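Here is a short briefing to read alongside the structure. Have the viewer open and follow along, chain by chain.

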Amino acid sequence: MAHWLHRLGGRGRRLAAYAAGELPPAERSSVEIALAACPVCRREVEACRLASLALRKSSRVGLTAEEAAAFLPEVNRRIDHGQVRATRPARPDLREILWDHPRLGLASAFAAALMIVGLTLSQWGPFVTTPGNGVEVVSVDVDEDGSVMVFEAPGSTLKVIWVFENSSS
Amino acid sequence: MRSSRASFGQGLRWRFLLLGIFGVPLFLPGPGWGQAVSLQAQVIYAANQSGGVDSRLGNLAENLQKTFRYSMYQLLDAPKGSAALNQTWSVTLPDSRLLEITPTAIQEGQYNLTVHVHGSGGKSLVNTVVRLRRGSTVLVGGSSYQQGVLIIAISAN
């Protein structure tokens, strides 16, 4: 549980930095306290350390001039013939982005929720709550000779649209 | 080349998925689509003359007496009908006048109605848009009739 809270809190990168020895002393001690309570985090730190060691230990690859000249054309040839399968996309996929950046993930979820609410409300657009008697007069147009009054008598629950006709018309 | 194609394909899948999730509500029919509104118009003749209050007016009579100072209220007609969204329900009123009611938006319990009263000869007397809660009544009145006025009580269910 503590591990997931750490992941959500964006501590994954701090653990990696801790494993690489890149954290300042003050942060180191706070991470150590967190590690004491989180066995999964400890394993993660250990895995980071091992990976880092493995990378440091791996020998450098040296190519002869001929090999270097043939390398790129061979890669292109294999790609053109579909012999090499992409093990992962060139760009990180959405899940990876959201997982590595929990705040971005939360912001996206919030934006999506807002969008859904907005779209839903826009479907119900013309409605707002009607007043106490359940009647709202949105607009009134009368003949140019006439006039109109909208009122509600005290003690009555009725709303009235009263049209005054011009007596000459 | 292949890896960028695969990545492009995956990106496209995500975009279609998001478009599906957020785009579908845009194409859904709005609330009230296909519903019909039950409408009732009570055509009342009000005047200061003998005759009292028509008992057929029921609860409306009390409210009319609180609202106006006429001594006589007579129910001339009480047509009922229904109209779907953006369909017009027409009622002939005394003296060749015409009442047209068009529901323009429907949500559970609330209706937007366009109410149009035409005088004789098709002259527009009043054109109004009202928002009614289910069971509420709005009065449209003032048009002269005989010795008094016509009052139209409109309600929707």
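In what order do the elements of chain A run from the N terminus on? They run α-α-α-α-α-α-α-β-β-β, in a model that is predicted. Chain B, read along the sequence, follows the pattern α-β-α-β-β-β-β-β-β-β-β.

**Chain A overall**
- The secondary structure of chain A amounts to 7 helices and 3 strands.
- Chain A has 169 residues, and 11% of them count as buried.
- Among the contacts in chain A with a separation of 6 or more, 40% are between residues 24 or more positions apart.

**Helix 2 and helix 4 of chain A**
- Helix 2 of chain A covers residues 12–19 and helix 4 of chain A covers residues 39–57; their axes come within 8 Å and cross at roughly 50°.
- Because of that angle, helix 2 of chain A is oblique to helix 4 of chain A.
- The crossing of these two helices of chain A is right-handed.
- On the helix 2 side of chain A, the residues in contact are A:L15, A:A16, A:Y18 and A:A19; they meet A:C41, A:E44, A:V45, A:C48, A:R49 and A:S52 in helix 4 of chain A.
- Sorted by class, this contact of helix 2 with helix 4 of chain A has 7 nonpolar, 1 polar and 2 charged residues.

**Chain B overall**
- Chain B contains 2 helices and 9 strands.
- Of its 157 residues, 34% of chain B count as buried.
- In chain B, residues 24 or more positions apart make up 45% of the contacts with a separation of 6 or more.

Note on methods:
Residues are numbered from 1 along each chain as its sequence is written. Chains are lettered from A and ligands numbered from 1 in the order in which they are written. This is a predicted model: local features need pLDDT of at least 70, side-chain atom pairs count only at pLDDT 80 or more; totals for chains, interfaces and linings use all residues. Helices (H or I, at least four residues) and strands (E, at least two) are DSSP runs, numbered from the N terminus. A residue is buried if 20 or more other C-beta atoms lie within 10 Å of its own, exposed if 12 or fewer, and partly exposed in between; C-beta atoms are placed from the backbone. Two residues are in contact if their C-beta atoms, placed from the backbone, lie within 7 Å. Axes are lines fitted to C-alpha atoms, for helices over the stretch in contact, and angles run from 0 to 180 degrees between N-to-C directions. Angles under 35 degrees count as roughly parallel, over 145 as roughly antiparallel, 65 to 115 as roughly perpendicular and the rest as oblique. A crossing is left-handed if the near helix is turned anticlockwise from the far one by less than a right angle, and right-handed if clockwise. Ala, Val, Leu, Ile, Met, Phe, Trp, Tyr, Cys and Pro count as nonpolar, Asp, Glu, Lys and Arg as charged, and the others, Gly among them, as polar.
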